[in-house]
Each structure stands twice: as structure tokens, then as C-alpha cells.
Amino acid sequence: MDFQANKAISCTKYRFLYFNPNFTKSLKWQWLCNQHGPIEYRNRKRKIIGSPPSVNSKTKQKKARPGSNITGPSSSGLPPLFETDSNPEATQCPNQNKTNEFIRPPRFIVHDHPEAYNNRYEMESESENEDEYDDNQTYSGYPGGESLINPSPQHIPQQENHTVTSSITIGLQKNGYYDEGDPVWNCRFCQAYMWYGERIGKRRRSKKPVFSMCCKHGKVVLPRLANPPMELMYLLCKGDELSKHYREFIRAYNMMFSFTSLGGKIDHSINNGRGPFVFRMSGENYHRIGDIVPEPGQAPKFSQLYIIDTLNEIKNRLDAYAGSDGASAKKLREPLVLLLQNMLDQYNPHVKAFRSARDRFDVEGSTGYRMRLIESRQSDGRTHNLPTANEVAALIPGDFVLNMEPRDIVLESTSGKLQRISELHPAYLPLQYPLLFPYGEDGFRFNIPIGFEDTAGRKRKNVTMREYFAFRILERKGEAPTITRSGRLFHQFLVDAYTMIESSRLRYLWLNQKKLRSVSYDAIQKVAAKGGAKMAEQGSRIFIPATFTGGKRYMKQHYYDAMALCKYYGFPDLFITFTCNPKWPEVTRYLKKYNLTAEDRPEILCRVFKMKLDNLIEFLTNKDGSLFGPVSAVMYTIEFQKRGMPHAHILVFMQNGAKFPTADHIDTIISAEIPDKTVDPDLYAIVGDCMMHGPCGPAKKDNVCMVNGKCSKMFPKRLNIRTSIDANGFPAYMRRIDGRFIEKNGIRLDNGYVVPYNRNLMLRYHAHMNVEWCIQTRAVKYLFKYIHKGPDYASAAMDKEDEDGVIDEIKTYYDCKYITACESSWRVLAFPTHFRTTSVEKLGFHLPDQELVFFDEDEPIESILKKKSVNQSMFLAWFIANQKYPEARDLTYAEFPTKFVWKASMREWVPRKRGFAIGRIAHINPAQDELYFLRVMLNWVRGPKSYEDIRTVDGVVYSTYEDACYALGLMDDDKEYIEAIKDCSDNSSGTYARKFFSRMLVSKTLSQPHVVWEATWEYLTDDILYKKRRETGNPELILTIDHIKNIALTEIENHLLSNGRSLQKWPLMPKPDDFGCYNGNRLIDDELKYVVEDQLKENERLMAMITDEQRGVYNEILDAVLNDSGGVFFLYGYGGTGKTFVYRALSSAIRSRRMIVLNTASSGIAALLLEGGRTAHSRFGIPIDADEFTTCKKMEQDQIVQN
């Protein structure tokens, strides 16, 4: 970088930054400070100079004006890129500034619409007429003198929505496509640019739409981001070769100047292919910062680069990045690094603070000093976010500890440790993203007040972290879009933002695990009566609750809700998969204005997809005329593909009389054929672009769908002359041999590669939209389980597997969840991941005085007992409602929400005035005895006013709910167990149902197992055909009923054998074809399978080589075993002294006598040296990472415990 100047001169009036046409080769920036005489600073008038010509254009050089202070080659003919008003105190040339004063950001005109930010380089110049005086400086691009830096207060609604004229008409176009228009509407509170389809109250088409996702109706008020320095503006928006290079490697350049390191695990392998860039991260994300200076012999990194060896700073930064990505480091450009370094030195207060520390250390040395990164801010977070160097950091003596805030970061001189920065620290973001926050603007901070006086009495008075980021990632009038124009760095910022939000929620749960507890009401009463007991010793701790979005309990609750809908409306009729299309006209029009691609703006893809999805749901449920007919309910779940693109799984429940029972009905709504190009050219183009699978199979064996040489999606499909439904209820769509094909990658694809679709939906939405007819059997529950399965836990370790969640769920969630920018955008903008048109009310119930009470471990017992929720649960309020409302006495508990509404604030049921909901009684394990029988009774009893009424049958009050079930005839002939298996099948997989049936056999609870089998075999085998088709990769596989039963019985037999039982004990039960007699514990059987003769030979071989010392140990231990005297022996010896040899000799000796030896070792390598050896963690269920919360997972009924 060559700054040519005669001397550092403060520009008294203004300065121009000229750009060399050969910038891409030399990157020589020349500062020309022009001086025109004593003109009063404020006495000026603005005008537009105009846009610069192309970088490669040749311009005629002009002589410099008289009075120029520049020496060297004249550059006055170069096109000006940047101009700023400055006073002598505020602005200095880059090489001169070494103070801690904050330099006012350069002012750059941004027009009403952000397109001006990208395409125009407007500058200001002083009027030659000195007589004109203007106290109120305005920006020429704003009508009515509206100021860019000081826009109208966000919490004051504007009179109208400012819009930019758009030629696109919102609605159906001539080709049948529904266009959402352009984001030309402004939020009247924060002026964010919005699409009309993002308004609230979409049922009516308002001329003054209201938007809430940007600022929550003015609740979120944050200072606008200042316009970036001209250098950064050019690199982000110009679009030439240098700008493209910077945008491609923007993450690398940002990492060079970052003060902190990123703690999450970045998945680089996802970008190995030719697809668009994806930033994907797993694990717990955090930012860490090191010491002021590195340890001896270590190269400086991150913040240390601002202090150590600054004479070679450029080389040091490149070398530091090369250590993490050597291939990319070779493509980086030193002149550009120098440009960014000088820019940050001039404008960034955090850089200034570290530079100041460098100057101090150069004089006094770093010993005895620490640097304090200050957390507290005195300014209002709604209006100020630009700190000075003195506000962000301070050098303090080594023993100074007074006036320290809890979240202050203190950097030691050389401690060798990394410190984690709190997400609530204002510098958390600017320290990691200096190129997104070039002026060091504060990130999220604690206690930012909401933007208006809350008269509704709400408890929360501050802006949340999610609301902060939702505000920041939207472009708005009067704010520089530096963050959203940063491409790949914007991806990282979005993922970082969402992980900040999620980490703060999970950290709250983790830090309060020891405090948050739950226990039944009667247990608290007993503690109160006993006296002196501590509540910290009562109840159980809570891990990730069902209210945490994305957790396994959260997904399970939504699955139960879906099954409740299925129980009420019947089987779903259509399954639609709707995938986001980055080529939508709304997206391409928007991105084309700013020379961007779809990968640069993941939040735009999510916003447009959400509008399309809302429009689709409205289109399907329109009462005036739906596409498929009258619809009872619609539900969807949002998932994100491997590369991050959002897609929705939608289930449609049709009303009775509007279903599609036959193949002819299916043909009217679903097609799996290539359309005629001459008759329907628009549909032909869309199907070819969105609905053709592959090519795969022999034509392309390396396609992503190929698994073990076969297509995992089972393409190509078999060609059929007509649609049919096979004996198992699966449809085979019409795929005729008609000679039509679509060519992809040089391969012709016929109807066998067409993904089923609906013509009207394809024309309306121009996206991948797979429409499938739902199987009308019980196997449909696997469709519900599929769409509610949650994220794939690809890296879950064996010691974390636990059905009941007793292991550290928070750590497992961190380690196994992968986050991309699209998912982060979706969650930051608070878009729902699950949706149902029909509400489902979860109905809790409990035995008398057994309602759950949640409390803090330090909360007094008296306070807990006085809680309003203790004696007024939803279940008890149901009794009161039955007493109060006569119409309630005709309803069961599950039917109650259809006519009544639960008011949580009032703790009572009130008659429903509008809307509709169905009830779902909470699932209970049958092992919970009386509570389970109470649930059974609740499905039959109507209008009870007390617990006694539930136990009353034909005027007789029974003592237990089990007796009442018998009296009602619900438990004759094992009926209760049959119902339990059916209920289990509804809520779990067939594999789990077979385990459940095996447990019933082991516990001897069934009086007639063969009768139960005959009544439930369809429920116990409903997944076997599906699993076999997946295993074989044959979608046409047909299994007979006897074959399906045989597979299920074999699996049940294996479960019984693992518990020391066999189907042989029940003579009337059917047996699998390969049934063998067995009557022992499976673990014992495995250990007794060793051949005695082989063990004798092995023992003889080892004893021939044994030493006298080893023989003594051998004899002593073997005598204790044979004489049954017992004992614990510890064999000590250095490596190579023959300890393993002794273990092998003892094992062969004992096994040759048909006795059992369990060889265990602490490591897997040591276990491999022993025959039949296993690690102690595997054998005895010892957790690998043990802490105060972990326990051994072996239960009393486990084989290793019983024997």
C-alpha cells in the first residue's frame, strides 16, 4: 500500500479518495487533500457529483488544483469514489491517527430504496455560493429533508407506508403463477422493507398493511447502523474483480482481523461439491479470547496480532490464517489486507484500544498489566451503539479488582488460557466480526428497553436477543445494509446469532438444573408436616422440557398431537412435500437489483418460502372452493435439507365425502407422467426443472441418492398403464410408455423418474411439490413419525442413548444438531416449525393430591403450598365445570375442549364462543397402575363431578380404578392389555410394540397370551413390510401374512431370550419357523458357548510357557475360584511383565471347566487382547464421561444384574 502524501494534513473542509484504474494490480490509494481557503464549515449546500465510471475505463488526467498539498504523480484525473465532511479534530489521514478518539463515520448518501446503496456512489460537495446558509443539513436523496442518521422515532407510527413503485401485480399471473410482488412496503414503525404477503391479518387486503416480524409494532427500537467506510462500501457493492474476490474470501479476511475465535465445529465437507456455499455448524458455539501476548515461542493469533510484532503485521495475519486453511491463504492478497488494516485502525474503537495498549507496552512492557474489556454501557441501547475506545477497554494494574462487572473480560499478560466471552457482552459480536461492525458498534446488550411505554401491564420490559437479531437482519430505509450484503460472512453471522439465542436458553436450563424441581402435591404436604426438611432434597430435576423447540420431548408432543388429529378426522388423504425454490421470480428480481445470488441472502429465501407456504395453506383450506375439495384440517412440519434449503411436510385431511378412495379418484389429482410439451409447455418446463429425479442408477452411480449401488428413493419406478392400489394399501401411479422424455445431464429420463405432482399446484408455485396419496392403513403412523422425527443425531455416542432422557440431554443436543444459515434465519424470524389448522389441547390428569408442583429449591414450603396452580389444576377444574354447566355432563374428558376453553390465567374452563379444538389425554405408561387405569376410565366416563364419580359403575363406588375397569367390562379376557398394545402402537413404532408385548409375557401379566396375539398381531406387525422394502430397496416387495407373522414372532422370541424366557413356555402361542428350544439367560448362554476341548488346549499351551512368579499368582487365584472362597485380587506389574498372559491362562482354565469368566478392561485395545473381552463401560454400563449427574444404566431386570 503506497500512500503518497507530502505530510499528514488534516483536511479542513473535505477530502476526495481517488481510485487508480490499475487498482487490481497495484492497489495504490492516493489521498488528495484539497484546500480552498477560509470557508466557514457549516456554510455549504449539497449537490450530486455523480457515479464514477468503470474501473477499467481510461480517463484523461487533469492538472491538480492550485494549493494542492500532494506530491508525486498526479492522480487528479481519477474518478472520485468517496467524499466526507470533516473537521480538523475529527478526521486525520490514515497514517497519522494514533489516538483513542472515535472518528465520526464518513457520511454516504443512501436513497429511499436500498438499490441506491448498491448502484450509486453519490457524493457531496460544497456550494461555491458562500452566501447560502443552511443550518439543517439534509441528504439530497431523501424527500422532505428526511435525515439518514436521525430518522423518525420508530415507536411513532408514520402517517403512511412509503413504497417504491413496482410493475409486478400481486396475485395470479397469466401463466397461472402466484407472484408475491416485491418488498416495496415499509413498516410504519421501523421502515423495514417488507413484502405485502408478510403483513399480519392476511385474511383481508389492507391498503395500509401492518408488519410485526421486523420490530414487533415498534417494541424493538435500535440505533441504525452507520454507513460503512468507503473502502468497505466499494468492496461490498462494486461488483468488479476485486469486489468479487473480497466477497468470495470475506470470511477469511474477517478471521484475520477478528479478536476472538469461534468455538463451534464447522462442517467444511458440505462444500466439497459444486453446489452453492453453505455454512453449517454443530456443537456448542462460543467466542473465546486469549492473552494479551502469546506464550514464548508461540506465534501471535487473533487479538494478539494488534499488539505483537506490528511491523510484520500483514505477514503475521496471513501466516495465522494459513495455519487453519493453507489452500485459501495462498489466494489472499496482501494489499487488500493492508487496506482493511488501515481502515480498521482509523475507525474501529476496539482496534484503537489494542493499539493504545501496544504503544503502552512498547514503552513500559506488558508485565504487571491486564486489559479489561468493559461490559457496562451508560448510554441508552435504543439510540446509541457507537462506543469510544475508552468505553470498550482499559489497561489496569495486575492486582486491580475494584469496580469489576460480572461480565467484564480481563485479559492476562500471559496465562496460557482462553477466556469465554458472555453472549450478553456488548462486544461479543464486534470482536468476532470487525468487517460487519467496522465502527465497533455494540451487539446485543442486556436491558435494552422496549420502544414504548407498556400500558398493558406486561412483565417483560426489555428487548430479547431474538428480537434484536430479527431487527438487525432486515434491510430498512435509512440504514446501511452492511451485514446483509456480506455474503458468506452473513451466513456465519446468522448461524452465530441463532446459536447465541439457543445457547442462552439452554444455559439457563443447565445452570438451573439443581434449582428447578417438580414433585407431587402430597409429597410436599408430607415434607411440611415432617418439618426441617429441605426442598432441595425433594423432587426430580428437569432436563430439556417439552417447551424447548426442537428438543425430543417437543417433537414427541407434536407427534401425539398429530395422532390425535388422525384419531378425530381419520387417516390423512394427501401428503405434500413443498421445497423452497431459489429461482422464484420474487427472489431473482430482488437479487438482480444488487448483483447478488441466492446463496448470499438465505433470509430472503426463508421469507419468500414462508409467504408461499402461507398462501398454499390458505389455498388448500379456502372455504369458497379448495383445490381438492372441502378440507377438515391441514398440518405441516418444517425441515431443512442437508444444504440448508427449507421444505415443508404437509398432511391434508379431507372431509367425509371428499376423499379419494379409488384409483380413478387418485388420477384426477395426482400425475406421475411427463406432460405434453406442445399442449402444456409451461407445465413441461416446470416438471423438467423441479420434478425429475436423478439421473441415478447405472446412468450415474455416484448420485447422492445411491446407497449400496441402489437408489434410496427407489427410482426408476415401474411403468404402469393405470393407477392401482396393492393389497397392502400402497398406490402405484399411472406411468405409461408414451415416448416422452426429459434430458438431464445428457441422459434421457422417462416417466419412471417423475416425482408425483399436481398440475395446478405446479403452475401456481413453480417449485418441487411432491403430492402423494396417503396409505389408508395403520402404517400411516410412520408418516407422522417421519415428519416429527426432529433433527438427525448423526454423531450421537453410545453412552448418550437413553429412551427416558436420564443422560445429559443438553450436551447431546449441542453435539448432534447441525445448524445452517437458512434454519437460523427461520428461527430468528420466529417462523413456526409446526403448524395445525386445528388446535389440540393436551389434557393432564392426576390422582388425588398427586398434581405436579414446580418450585425452586430455595422456595419456602409455605409459599409453594399457596401457589394458585396447586389446588386448581386443569383436571380438578373439569370437575367444577361439570358441576357448573349442564351441557358439560354429556362430554368425556377428551371431548371437553370441543365445547369449552381452558383459561390458564383464571384456572377454569369456560364455554367456547368461537373456534374449535380437540382434546388429547396425556399418554401414560401401563406400568403406572392406578394412574393408567384412571386414564382408561376417562375415555368412557362422562360428566363426573369428583374422583368418586369416575370410580362409580352402575351406582356402585369401587375402591380402585382397576376394579372400576373390571366392573365396566374393560378388563375381561385381557382387554386392558389389548387396549394398551393398541395405544402403544398409536404412539410408538411396531418395534417398540413388540418389545412391549414381550415384556407382558416376561412379567406374566397375560392370562391368555395367544388370544392377545390374535387380537393385536396387525398392530404388532404394521411396520415389517415397510422395513423389509427399505432394507431390500424393492418398493414392489410382497410378503404373505404368514411370513410377516413369522418375522414378528422371531423378533419377539429374541426379546424373550435376552430376558431368559422363550415362547416354549406358552404352548398355545404360535412359534416362528426357525424356533429352537432355549431355557436360560442369554448372557449365560453366550458365555457357555466356548468349546471345552479348545479351552483345554489353549490352557496347556499357555501353562507350558508360564514363569514361576506367574504360576504362583495363577494358582492362588484359581484355588479361590475352585474352592468358592472368593476374593479381590490386584495384579500389579510394569508393561511387558506378562499380566495379560496370566489373565488368558486363568480364563482358559476356568472356561475349560464350563464356568463363566467375564473379561473386562478399561480400554478397547486392552479388551481386544482377551478372548471375549469387553470394556467395563460396555459390560457394566459405566458412563464414559462421568460427572455428578451420571449414573450406571444397568437396571435390576438386566441379565448382568440378575446373574
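**Notes on a predicted model: cysteines, confidence and packing**

1. Let me start with Cys-580, which is buried at a relative accessible area of 6%. Please keep in mind that the model is predicted. The closest cysteine sulfur to that of Cys-580 belongs to Cys-822 and lies 6.8 Å away, so the two are too far apart for a bond.

2. How many disulfides does the model hold? With a cut-off of 2.5 Å between cysteine sulfur atoms, the count is 0 disulfides. Cys-214 is in no disulfide either, and the nearest cysteine sulfur, in Cys-187, is 3.5 Å from its own. Cys-214 has a relative accessibility of 2% and therefore counts as buried.

3. A word on confidence before going further. The mean pLDDT of the chain is 75, and 70% of the residues reach at least 70. Residues 530-542 have a pLDDT below 50, yet this stretch has 30 contacts in the model beyond near neighbours in sequence. Residues 792-807 are also below 50, and there the corresponding number is 32 contacts. Where pLDDT is low, predicted coordinates should not be read in detail, so I would ask you to treat those contacts with that in mind.

4. Cys-822 turns up again in helix H23, which spans residues 821-828. Of the 8 residues in H23, 8 are buried. Besides Cys-822, they include Glu-823, Arg-827 and Trp-826. What lies over them? The cover includes helices H12 (465-472), H13 (488-511) and H17 (602-621), together with strands E19 (631-640), E20 (646-654) and E28 (818-820). After H23 comes Ala-830, with a positive phi near 60°.

5. Next, please have a look at Ser-261 in strand E8, which covers residues 261-262. Is Ser-261 buried or exposed? Its relative accessible area is 16%, so Ser-261 is buried. Setting aside neighbours within four places in sequence, Ser-261 is in contact with Tyr-286, His-287, Arg-288, Phe-302 and Gln-432.

6. Finally, the surface. Leu-1088, Ile-1156, Leu-1158, Phe-1180 and Ile-1182 make a nonpolar surface patch of about 360 Å². One of these residues, Ile-1156, sits in the loop that links helix H37 (1139-1151) to strand E37 (1160-1161). With a relative accessible area of 40%, Ile-1156 is partly exposed.

Key
Residues are numbered from 1 along each chain as its sequence is written. This is a predicted model: local features need pLDDT of at least 70, side-chain atom pairs count only at pLDDT 80 or more; totals for chains, interfaces and linings use all residues. Side-chain values use heavy atoms; hydrogens and water are left out. Buried means under 20% relative accessible area, exposed over 50%, partly exposed in between (1.4 Å probe, protein chains only). pLDDT is the predictor's confidence in each residue, from 0 to 100. Contact means heavy atoms within 4.5 Å. Helices (H or I, at least four residues) and strands (E, at least two) are DSSP runs, numbered from the N terminus. Patches are made of residues with over 30% relative accessible area and no salt bridge: like charges are joined within 9 Å, nonpolar side chains (Val, Leu, Ile, Met, Phe, Trp, Tyr) within 5 Å. Accessible areas come from the Shrake-Rupley method with a 1.4 Å probe; for residues, only the protein chains shown count as cover. A salt bridge is a side-chain nitrogen of Lys or Arg within 4 Å of a carboxyl oxygen of Asp or Glu.
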